[in-house]
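This briefing goes with the sequence and structure shown below. Please look at them before reading the points.

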Amino acid sequence: MEVFFINLIAATFRVSTPILLAAIGETFTERAGILNLGIEGIMFFGAFVGFFAADLSGSLWFGLFLAVISGVLSGLLMGLFSVSLGVNQHVSGLGITVLLTGLSLFGFRLQYGGRSTPPSIEPFQQINPFANIPILSTITQQYLLTYITFLVIVPLAGWILYRTRYGLHIRAVGDNPEAVDAAGVNVYAIRYSTLAIGGGLIAAGGAFLSLAQLGAFSHGIVSGRGWVAIAIVIFGNWIPLKVMFGALIFGGTYALQLRLQAMGLKLPIPYETFLALPYVVTIIALVVAGRNASYPAALLKPYRRE
Amino acid sequence: METTKKKLRLVKTNNPSFWTKPLIPVLALVGTFMLTSGLILWAKANPFETYYYFLIAPLGSRVSFLEILVKSTPLMLTGVAVTFAFATGYYNIGAEGQLYAGAIAAAGLGMAMHAVPAILAIPIMIISGFIAGVAWALIPALLKIKLAVDEVVTTLLMNSIMAYIVSALLNGPWRDPNSGWPQSQEISPTAMFFKIVPRSRLNLGFIVALVTVLILWIVMTRTSFGLKMRAVGLGKPAAHFAGINVNKTILIAALISGGIAGIAGVAEVAGIQFHLIGELSPGYGYTGVIIATLGSLNAIGVALASLFFGLLDAGAQTVSRALGVPVYLGEVTQATMLLVTLGMLLLQRYKIRRI
């Protein structure tokens, strides 16, 4: 039983990583007033570009790098519609998701379509700074990207948003762009920059799936994780540390399902119940947290200088 | 598209140049195909030949023309479904899950109605699919109006949950033991939609889709409820001030939306597949959002957009068979067309001026 829980905790950090990366990315863009529904497609695109580039170049880090670049560009594309043109964010975001999903599948079919076995690469190896300590070593056996996400990106995101001038500008743009503009800050530049940062992080989350967790790419690789990330951002009230707890709740439920499946228990209910459980938990968490959710006041509102 | 350049500015205008409106679809089309030709070159195909197979060839033969109508059926239904919700300012992005809810109802009842004559079985299929879609749409709609939980997120999450329910049914109790694939047993022949044109796949589903377009048109232009929907869609506080029960209007529109998406699932099960399968919809629910937008949230626009997208879906398959260009060209083209059109529509409201 003890082993079960230790393994569960280890798996929780692992499966939370891609969702947390995407959720932190989305936190940035939403803080500046843009809901990026392109998130699901950008994750998928990041997973594909990362896999494809790593496969061609033989370098996982180069794959990750290109995935992040593709995410930044996707974020800027979202900016073209939501910031420069000011069109409906729901529709343009979904359009970008459909576009990037189609592009990834097109490329995947073109490059790997004829093969009889699904293509795979040697994924990132896990590291363990505390390999000699019993029990703890099971939990610390993680991917470097997981360490970076939890120990660098989350605190850094919190620091940027709450302790820097740039972060102050982001939050102000998300609440009252007119006032920020009057104070001489370029609203468009702030929004574009958060979309670029967000896109890069979201794509990195997708690339984590293909380059670390699976070492492969498939149609169902993201399967709604982007949407979950959006829910987690609301649950976390747009605060990086709380977003991290939201990601861990989802990750924990998902990991529990993985562990139960791995144990091969004959359960009287279908295993899909456990697969669906994290999504149900996310909705419930949203209902509980949603009552106190303080949306950025200018979220979904295009800004245009008259 | 370069609106951020120093010299060019978008200037709001109330009287757009007379030539912009008819030009938008044409420019959008040209822009879309220029953008997607990069992909065609990547696939080592000739863009002109590809566009011939993509857009012209499907119109050329009886069989392929009818196939366009077959492909447009689920798109028309989800397009109408999304329009009901979006016109009311309720962002139902759950048509995908609601479609599967309808499909489950259709498959479940269809397998059980071997003793029921078609004249009863078919209406039962359609009505129960509608009810199933309503039921699946009810949860996010209630969360929205009772607890103010954002419907975009909940409807998206409900899609994922529905995918696992379908998977559970197909890997569990409904799995056809005689099939190598996870699929349900075939529905009763009496529950299958009859063919409109013999020796084709075109079936009753297309007529049902046209009827929903007609209903949308009547509701939006000829009823007070349509007026309420549009008022709520334009602004909730103003609608409330005008004495409209905003929550009730949203709830009804959301449920109609879910119900019609459910019928899309019925049409696919009873008209095309005759089984419940996991790949019933390649994202019709999401494409419905694109169609509703391109159709400017009006009935005729939605009908035209779904027919055109039916052509793109049928054409993408022709291209894939004839030239080996991956079938996902269709999906990419549809999304590109949406984004290009969104950009273009704005030109209607703004003039580009040098300042």
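What covers the buried residues of α6(A)? The cover includes α1 (2–31), β2 (142–143), α7 (165–175), α9 (187–214) and α11 (240–262) of chain A. This is a predicted model, in which local features need pLDDT of at least 70 and side-chain atom pairs count only at pLDDT 80 or more, while totals for chains, interfaces and linings use all residues. Residues are numbered from 1 along each chain as its sequence is written, and chains are lettered from A and ligands numbered from 1 in the order in which they are written.

**Helix α6 of chain A**
- Helix α6 (residues 144–163) of chain A has 20 residues; helices (H or I, at least four residues) and strands (E, at least two) are DSSP runs, numbered from the N terminus.
- Its buried residues (20 or more other C-beta atoms within 10 Å of their own, with C-beta atoms placed from the backbone) include T149(A), I153(A) and L161(A).
- At I153(A), α6(A) bends by about 30°, the bend being the angle between axes fitted to the seven residues ending there and the seven starting there.

**Chain A as a whole**
- Chain A has twelve helices and two strands.
- In chain A, 54% of the 306 residues are buried.
- The C-alpha trace of chain A spans about 65 × 45 × 40 Å along its principal axes.

**Where chain B touches chain A**
- In chain B, 42 residues are in contact (C-beta atoms, placed from the backbone, within 7 Å) with 38 residues of chain A.
- The elements giving two or more residues to this side of chain B include α1 (20–42) and α5 (118–147) of chain B.

Notes: Buried ≥ 20, exposed ≤ 12 C-beta atoms within 10 Å, placed from the backbone. Contact = placed C-beta atoms within 7 Å. Expected span 1.5 Å × (residues − 1).
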